[in-house]
Amino acid sequence: MLTLEEILDIHTLKRLGYSQRKIARELGIHRTTVKKYLENPASMLQHIKYCRPSKLEPFYGNIKAWLELDPFYTAAWIYDHLVPLGFDGSYEIVKRKVRELKEEYQRLAYIRFETEPGYQAQVDFGEFQVDNADGTIDKYYLFSMILGYSRKMYAELIRTCDLPTFLDCHIRAFEYFACQPSGSRLGGVPQEVLYDRMKNVYIGKIAGKQTFNSSMVSFALHYGFTPKVAPAYAAWVKGKVERPYSFIREGFWRGYDFVNLESANRDLQNWLKQKDERVHGTTHEVVSRRFNREQPYLQSLPIRAFDTSYRIYRKVYKDCTVRFEGNSFVVPHTLVGKQVILRVKDQTLKVFNDNQLVVAYILPEGKGHLVQDKRFYEALRRDKAMNVRKYHHSGHRPKGQAKRTISPLKPLYEMDVEVRPVDVYDQVCAGVAYE
């Protein structure tokens, strides 16, 4: 049923000389409908419903203001706050209006975003669980990186989602994209990598600019890509990597017989290679063929892989040690007072002076340990210049040379002081009694 305004539009366009076909095209209605209203307008006007004003109409502004302030206000809450304002209508008309407005607010439109070949990859984490026979549950995390153009994906299950492991996954993903079936290597690094607001990657905004973890910045500089962060509460921006999680969870993980992490990752890689031969539902192309077009646009890998270990700065104490997690580690005495870099990964601690490796230690279990390489303290004992500074003498004298002594009658310092025999003080103190 057309409204009065639509019927008037039909007749207005007819008076302007429009044909019935053109009127239908302009108004988006069927041509027979136009013909019906033009041939017998009087009979059609009787079907138009003239609605009287709603009791709720004076309060539309209040309802819109409340929903803009908080879209989760319920119709019951709004009704309770309208009654004191003079509303005497029913709860049902409030409910219908609130539903209508909420549907309008939730009707969002998005611009389809397709990236150029080699331009962007998207990265995310997901949690997966394994139910053990004894009733316990083990948690694993799925790292995934997907290329925006071809939709080729790298994914692996990991035990922890700390920063070193996170960066190691990047390296393996880049190498995976660079590897060819023939064994040759091409580019594997995109120009940009998009992340969620992960705490171990994204620090926040400083002076309006996105700020990343210093290790993440160094890693990005080493591999030549730009890290980006998706806007908050905007999951559609990272849709390319969000959707594959349900794809992996439902297609691979559900019903999978988990044995150990190594075999699970091996099976996951084989499954992903099989899925690369499918026609992607969005691009309508085979993933592997589209990736063959994208790979020449990916950047080359650096000559050396990035050192993804933790970097901690420590000052060397006077006892030639640095402290880490409640333990002391001995370093050369020549570094006392200097700041060194500790790199920690896989239960190994490496001490660097600038870019030079000094020593590597295995981290002990527990706290309170002194971990040392004996050659460092032996070198300290042999350092004569250090002993002179510590003890104000070398500790050695030529054979046959007499030991130097100080006369009791000679003042130690050049001062105007007279040295007298002890009996002089006995005469002065004669007759004085001490209790």
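Which residue stands opposite L342 in β12? I looked this up at the outset and found V351 in that place. The entries below record the rest of what I looked up in this model, which is a predicted one.

**Entry 1. Confidence and overall make-up**

I began with the confidence values. The mean pLDDT of the protein chain is 79, and 75% of its residues reach 70 or more. Over residues 410-417 the pLDDT falls below 50, and the model gives this stretch one contact beyond near neighbours in sequence. I noted a further stretch, residues 431-435, where pLDDT stays under 50. For residues 431-435 I found one contact beyond four places in sequence.

I then turned to the chain as a whole. I counted 15 helices and 14 strands in its secondary structure. Of the 435 residues, 36% are buried. Among contacts with a separation of 6 or more, 56% join residues 24 or more positions apart. The accessible surface comes to about 29000 Å², and carbon and sulfur atoms hold 52% of it.

**Entry 2. The five-stranded sheet**

I traced an open sheet of five strands in the order β3-β2-β1-β4-β7, and its pairing is mixed. Why is one side of β3 and of β7 left without a neighbour in the sheet? Both strands, β3 and β7 (226-229), stand at the edges with a single partner strand each, so one side of each has no neighbour there. Neighbouring strands of this sheet are turned against each other by 25 degrees on average, direction ignored.

I checked the pairing of β4 with β7 and found it parallel, over four bridges. Within β7, P227 is the residue opposite V193. I also noted helix α11 (residues 261-275), which packs on the sheet and touches β2 and β3. The direction of α11 makes about 165 degrees with that of β3.

**Entry 3. The nonpolar cores**

I next looked up the largest nonpolar core, which has 32 residues. Which of its members touch the most others? They are F143, F166, M216, F219 and F225. At least two core residues come from each of β1 (120-131), β2 (137-147), β3 (153-158), α8 (163-178), β4 (192-195) and α9 (214-223). The largest share, nine residues, is supplied by α8.

I followed F225 in particular. Leaving aside neighbours within four places in sequence, F225 is in contact with F174, V189, P190, Q191, E192, V193, Y195, M216, F219 and A220. Apart from this core lies another, of 21 residues, and I recorded C320, L349, V359 and Y361 among them.

**Entry 4. The four-stranded sheet**

I traced a further open sheet, made of four strands in the order β8-β11-β12-β13, with antiparallel pairing. β8 and β13 (356-362) are the edge strands, each pairing on one side only. From one strand to the next, the twist averages 25 degrees.

Five of its seven residues are buried, so β11 is largely enclosed by the rest of the structure. Strand β8 (residues 310-315) pairs with β11 in the antiparallel sense over six bridges. The pairing of β11 with strand β12 (residues 348-353) is also antiparallel, over five bridges.

How are R311, R343 and K350 connected across these strands? R343 in β11 is the bridge partner of R311, and K350 in β12 is the bridge partner of R343. I noted as well that β11 and β12 form a hairpin with two residues between them. In that turn, D346 has a positive phi of about 55 degrees.

**Entry 5. V316**

Lastly I looked up V316. V316 lies in the loop between β8 and β9 (321-324). Is V316 buried or exposed? Its relative accessibility is 2%, and V316 therefore counts as buried, the cut-off being under 20%.

I then listed its surroundings. Not counting residues up to four places away in sequence, V316 touches T321, V322, V331, L335, V336, G337, K338 and V340. I also recorded the spacing from V316 to F329: 13 residues in sequence and 9.6 Å in space, C-alpha to C-alpha.

Technical notes: Residues are numbered from 1 along each chain as its sequence is written. This is a predicted model: local features need pLDDT of at least 70, side-chain atom pairs count only at pLDDT 80 or more; totals for chains, interfaces and linings use all residues. Side-chain values use heavy atoms; hydrogens and water are left out. pLDDT is the predictor's confidence in each residue, from 0 to 100. Contact means heavy atoms within 4.5 Å. Buried means under 20% relative accessible area, exposed over 50%, partly exposed in between (1.4 Å probe, protein chains only). Accessible areas come from the Shrake-Rupley method with a 1.4 Å probe; for residues, only the protein chains shown count as cover. A nonpolar core is a set of buried Ala, Val, Leu, Ile, Met, Phe, Trp, Tyr and Cys residues joined through side-chain atoms within 4.5 Å. Two strands pair if DSSP finds at least two bridges between them. Axes are lines fitted to C-alpha atoms, for helices over the stretch in contact, and angles run from 0 to 180 degrees between N-to-C directions.
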